[in-house]
Amino acid sequence: MKDVITKTQVLSHSIDKVWDAISKAEELSTWFIKADFKAEVGYRYTFTSDGKEGCEPILGVVQKAEPYTLIYTWEVQNTNVETTVKWELEDLGGKTRLYLEHSGISKYAGDTAIKMYTDFNGGWDNCISLLDEYLLNEIHAE
Amino acid sequence: MQSKITKILKAIADPTRREIFHALVVAATAMPITQISGQFAISRQGITKHLKTLEDAGLIQIQTKGRERFCLADPLPLQEVNHWLKFYERFWDDTLQNLSSYLDNKA
């Protein structure tokens, strides 16, 4: 079974701007998922989607956090399966190459896979911040 | 009631069942249960139980011809599992798209 998911994307923004977006709780909570997060090694973070059904919190520990590499463990609550998420940024002079790696996926097997599937089917897709909605509200607020 | 995907995941969660299923896929033809149990060091009763689980998941078809029962593999339902495994692919695609829009719209 495939064990690692990798994504690469070039963003038209400075490396520090991207770094802040992926490492600061306030920014993560805006575009990703409600985050209690600190980019400090050993910090036990929590990603939650409060008020949304079927969204199990994600818990983990920061393993590495120095510009521009961020690594943390990723455990969907009650699954007892620990995977690892790594973000790496590369300065392209005004632009930034973002490299994302999520490893340990094959550990989701048997009963865990069933649970995960059920949870995800129950609306996990909606757990990520609905950014479009957020931006729309921002515009209305102005 | 168990969903289809749950049955499939349960069926393939067991290593012996995966081996039985694999043997049937490789055979690419209907195999008599007697012949299947001859390939595994477990009781015929045990094999029958595993085959029933595989049948419930839609991964094999069991047909009776005369005194013998024949099993035929059907790997098509596995596509559902593959679909599920793509969950994180989609998840991260969506996430990175969100990040990109967020940065684009940030003052």
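View 1. Among contacts in chain A between residues at least 6 apart in sequence, 46% link residues at least 24 apart. The model shown here and in the other views is predicted. Chain A holds 4 helices and 7 strands, which follow the pattern β-α-α-β-β-β-β-β-β-α-α along the sequence. Of the 142 residues in chain A, 27% are buried.

**View 2. The open sheet of chain A.** The sheet has 7 strands in the order E1-E7-E6-E5-E4-E3-E2 (chain A), with antiparallel pairing. Strand E1 (4–11) and strand E2 (34–36) of chain A are the edge strands, and each pairs on one side only. From one strand to the next, the twist averages 20°. E5(A) pairs with strand E6 (residues 83–91) of chain A in the antiparallel sense over 6 bridges. Within this pairing, Thr73(A) has Thr84(A) in E6(A) as its bridge partner.

**View 3. Helices from both chains against the sheet of chain A.** Helix H1 (residues 15–23) of chain A lies across E1, E4, E5, E6 and strand E7 (96–103) of chain A. H1 of chain A runs at about 165° to E6(A). Helix H6 (residues 87–105) of chain B also packs on the sheet, where it touches E1 and E7 of chain A. The direction of H6 of chain B makes about 20° with that of E1(A).

**View 4. A cis peptide bond in chain A.** Pro67(A) and Tyr68(A) are joined by a cis peptide bond, with omega of about 10°. Tyr68(A) is placed in the loop between strand E4 (58–66) and strand E5 (69–76) of chain A. Most peptide bonds are trans.

**View 5. The open sheet of chain B and the helices packed on it.** This sheet has 3 strands in the order E1-E3-E2 (chain B), and the pairing is antiparallel. Its edge strands, each pairing on one side only, are strand E1 (31–32) and strand E2 (60–65) of chain B. Over 6 bridges, E2(B) pairs in the antiparallel sense with strand E3 (residues 68–73) of chain B. Here Gln61(B) stands opposite Leu72(B) in E3(B). Helix H2 (residues 15–27) of chain B packs on the sheet and touches E1, E2 and E3 of chain B, its direction making about 85° with that of E3(B). Helix H4 (residues 44–56) of chain B packs on the sheet as well, touching E2 and E3 of chain B, and its direction makes about 120° with that of E2(B).

**View 6. The buried and exposed residues of H2(B).** At 1.5 Å a residue, the 13 residues of H2(B) should span 18 Å, which agrees with the 18 Å between its end C-alpha atoms. Arg17(B), Ile20(B), Phe21(B) and Leu24(B) are the buried residues of this helix. Seen down the axis of H2(B), the buried residues fall within an arc of 95°, so they line one face of the helix. Pro15(B), His22(B) and Val26(B), on the other side, are exposed. The cover over the buried residues of H2(B) includes helix H1 (4–13), helix H3 (33–38), H4, E1, E2 and E3 of chain B.

View 7. Ala28(B) lies in the loop between H2 and E1 of chain B. Its phi is near 55°, a positive value in a residue other than glycine. Most residues other than glycine have a negative phi. Ala28(B) counts as exposed because it has 9 C-beta neighbours inside 10 Å, and the cut-off for exposed is 12 or fewer.

Notes
Residues are numbered from 1 along each chain as its sequence is written. Chains are lettered from A and ligands numbered from 1 in the order in which they are written. This is a predicted model: local features need pLDDT of at least 70, side-chain atom pairs count only at pLDDT 80 or more; totals for chains, interfaces and linings use all residues. Two strands pair if DSSP finds at least two bridges between them. Helices (H or I, at least four residues) and strands (E, at least two) are DSSP runs, numbered from the N terminus. Two residues are in contact if their C-beta atoms, placed from the backbone, lie within 7 Å. Axes are lines fitted to C-alpha atoms, for helices over the stretch in contact, and angles run from 0 to 180 degrees between N-to-C directions. The expected span of a helix is 1.5 Å times one less than its number of residues. A residue is buried if 20 or more other C-beta atoms lie within 10 Å of its own, exposed if 12 or fewer, and partly exposed in between; C-beta atoms are placed from the backbone. The arc is that of the directions from the helix axis to the C-beta atoms.
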